[in-house]
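This briefing sets out selected structural features of one protein chain, grouped by topic. Please read it alongside the sequence and the coordinates shown below.

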Amino acid sequence: MSQHEQHLLLAKESEPDVIFIGDTVLNYLGQTQTWRELFEPLHCINFSIGFEKIQNTLWRIEDGILDNIKPKVVVILVGSNNVSDSPENIADGIIELVRVVQSKLPSAYIVLTELLPRGRNRNPLWEKFFAVNKLLK
């Protein structure tokens with residue numbers, strides 16, 4: 001909850017050109033030297049929270065993290081923590097998230113990234129995420 005409250009405050013005080021909305025992968029990106037060197041100068045804000053599921057991200061958007069900003073680009077990477085859901089449910093959740101973002105930020109360009117494989121070797125989650133990505137295409 002404190003991260004969400006921090007994001008709400010950041011949204012009120014910032015005028016980002018690019019925002020990132022996502023789960024663990026994007027959250028960790030925001031904590032790297034790469035983020036500080038390459039993304040911060042582009043007026044980017046990272047609204048990602050580690051271990052978050054799609055439904056949590058939808059709730060945070062409905063609770064106002066997008067209400068006071070007008071970014072040009074929104075990057076979305078979420079769904080990799082919905083491991084107990086079917087590929088169809090994950091894809092439906094991601095599509096709903098994109099729909100909500102579009103309704104709140106109609107002039108923003110949305111970049112929806114594919115779910116990335118988890119684990120070093122091919123495993124059932126890889127197959128699930130490949131199925132989600134195919135549904136989203």
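Relative accessible area, calculated with a 1.4 Å probe on protein chains only, sorts residues into buried (under 20%), exposed (over 50%) and partly exposed (in between). Gln6 counts as exposed because its relative accessibility is 54%. The model is predicted, so local features need pLDDT of at least 70 and side-chain atom pairs count only at pLDDT 80 or more, whereas totals for chains, interfaces and linings use all residues. Residues are numbered from 1 along each chain as its sequence is written, and side-chain values use heavy atoms, with hydrogens and water left out. Helices (H or I, at least four residues) and strands (E, at least two) are DSSP runs, numbered from the N terminus.

**Strand pairing and crossover**

- Strand 1 pairs with strand 3 in the parallel sense over five bridges; two strands pair if DSSP finds at least two bridges between them.
- Within strand 3, Val75 is the bridge partner of Phe20.
- Strand 3 also pairs in the parallel sense with strand 4 (residues 109–112), over four bridges.
- Leu112 in strand 4 is the bridge partner of Ile76.
- A right-handed β-α-β unit is made by strand 3, helix 5 and strand 4; right-handed means that, with the strands pointing away from the viewer, the path from the first strand over the helix to the second runs clockwise.
- Four of the five residues of strand 3 are buried.

- Helix 5 has 18 residues and reaches 26 Å from its first C-alpha to its last, close to the expected 26 Å; the expected span is 1.5 Å times one less than the number of residues.
- The buried residues of helix 5 include Pro87, Ile90, Leu97 and Val101.
- These buried residues pack against strand 1, helix 4, strand 3, strand 4 and helix 6 (124–136), where contact means heavy atoms within 4.5 Å.
- In helix 4 (residues 54–65), the buried residues include Ile54, Leu58, Ile61 and Ile65.
- Helix 1 (2–13), strand 1 (18–22) and helix 5 are among the elements that cover the buried residues of helix 4.

**Nonpolar core**

- The largest nonpolar core has 34 residues, of which Ile19, Ile61, Leu66, Val74, Ile76 and Val101 touch the most other members.
- Strand 1, strand 2 (44–46), helix 4, strand 3, helix 5 and helix 6 each give two or more residues to this core.
- Helix 5 supplies the largest share of this core, seven residues.
- Such a core is a set of buried Ala, Val, Leu, Ile, Met, Phe, Trp, Tyr and Cys residues joined through side-chain atoms within 4.5 Å.
- Leu66 touches Ile19, Ile21, Ile61, Val101, Lys104 and Leu105, not counting residues up to four places away in sequence.

**Individual positions**

- Asn81 lies in the loop between strand 3 (73–77) and helix 5 (87–104), and Asn81 counts as buried because its relative accessibility is 13%.
- The side chain of Asn81 makes a polar contact with the side chain of Thr24 at 3.3 Å; a polar contact is a pair of N or O atoms within 3.5 Å, and within protein one must be able to donate a hydrogen and the other to accept it, while residues adjacent in sequence count only if both atoms are side-chain atoms.
- Tyr109 lies in strand 4 and counts as exposed because its relative accessibility is 57%.
- Tyr109 touches Lys72, Val73 and Val74, not counting residues up to four places away in sequence.
- Gln6 is found in helix 1.
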